[in-house]
Protein chains: 2
Amino acid sequence: MSLAEDERFMRRAIALSRQAGLIDCTGGPFGCVITRNGEIIAEGFNQVLTERDPTWHAEIAAIRQACQHLQTVDLSGCTLYTSAEPCPMCAAAVYWAKLDRLVFATRCSDTAAYAEFDDSTIYAEIQKPARDRTIPHQELLRSEAQIVWQDYQQQRDRTPN
Amino acid sequence: MSLAEDERFMRRAIALSRQAGLIDCTGGPFGCVITRNGEIIAEGFNQVLTERDPTWHAEIAAIRQACQHLQTVDLSGCTLYTSAEPCPMCAAAVYWAKLDRLVFATRCSDTAAYAEFDDSTIYAEIQKPARDRTIPHQELLRSEAQIVWQDYQQQRDRTPN
């Protein structure tokens, strides 16, 4: 991947961030594209406000679209370009989707400096053990749920019915 | 919230985990319900396989459904019951959605012990600075993207068009 190509894809992600945050105001100024073999296969932008969905971040939207396009949950071989360093939700989604590479423009510290989106508090929270988190986390009925897991471990066929 | 009520809601989340992982095989055995004022307002289960979407975790699905139901992105006043301690993607989503409280059954260590879903590697990855992550993260065109943020900072009306 050449620098010129990287810059072209990132400029598209930045254009989507402008569209989201400043033109259509669908949510914060966050845009994202996913490429494969030098072509854009998915785009996403923040639509938290218009979709009334706190998980509709640019990266999540683009990952969903890319998986629909390729009909797989495995985005190996793909690169994700995001206008802003991902929040922990989107960062983890990048790992679940097994993307090859991530390119970002602004840093989390920029996002916090320019607007009220401060990912660092969430990064800090989810690093804590569950019992120490600000939103109370409580364990309940562990042994009942473990029975499901034991059955799952024994299950040979896991293809959808 | 009484213990009996907590257990009732958690048993529903566990039943959904069984449905997902063992009966319909839509994805791993993960189920979730969200309650408000002692009533279930949303349910979710893992549908990664059937929806071909690596982000379709039980908690994300339930958060989306609860927000649709209440027509808001703010789930203050709600409790989330999940059959398994959330992965970092879902843990962060709980913070974005501003839930009051989270109750989980099995621990991340159970999930890793019984199956191939090992969240701990993703928790460890996203704690690292971007440059040290296993999936390469690279910064590009930061100053171009900052211009969008500066415009956003000045923007008075952020309501959707």
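1. Leu141(B) is buried, as its relative accessible area is 13%; buried means under 20% relative accessible area, exposed over 50%, and partly exposed in between (1.4 Å probe, protein chains only). Leu141(B) lies in the loop between strand S5 (137-139) and helix H7 (142-154) of chain B. Although Leu141(B) is not a glycine, its phi is positive, at about 60°. Most residues other than glycine have a negative phi. Helices (H or I, at least four residues) and strands (E, at least two) are DSSP runs, numbered from the N terminus.

2. The model is predicted: local features need pLDDT of at least 70, side-chain atom pairs count only at pLDDT 80 or more, and totals for chains, interfaces and linings use all residues. Residues are numbered from 1 along each chain as its sequence is written, chains are lettered from A and ligands numbered from 1 in the order in which they are written, and side-chain values use heavy atoms, with hydrogens and water left out.

3. Arg52(A) also has a positive phi, about 45°, without being a glycine. Arg52(A) is placed in the loop between helix H2 (48-51) and helix H3 (58-70) of chain A. Its relative accessibility is 36%, so Arg52(A) counts as partly exposed.

4. In strand S4 (residues 101-106) of chain B, six of six residues are buried. Strand S3 (residues 78-84) of chain B pairs with S4(B) in the parallel sense over five bridges; two strands pair if DSSP finds at least two bridges between them. Within this pairing, Leu80(B) stands opposite Leu102(B). From S3(B) the chain passes through helix H4 (residues 88-96) of chain B to S4(B), a right-handed β-α-β crossover; with the strands pointing away from the viewer, the path from the first strand over the helix to the second runs clockwise.

5. Strand S5 (residues 137-139) of chain A is joined to S4(B) by three bridges, and the two run parallel. Here His137(A) stands opposite Leu102(B).

6. The contact between the chains (heavy atoms within 4.5 Å) takes 95 residues from chain A and 96 residues from chain B. The count of salt bridges between chain A and chain B is twelve, each being a side-chain nitrogen of Lys or Arg within 4 Å of a carboxyl oxygen of Asp or Glu. One of these joins Arg18(A) and Asp151(B), whose closest N and O atoms are 3.1 Å apart.

7. Ser17(B), in helix H1 (residues 3-23) of chain B, counts as buried because its relative accessibility is 1%. Beyond its neighbours within four places in sequence, Ser17(B) has contacts including Val148(A), Phe30(B) and Ser83(B).
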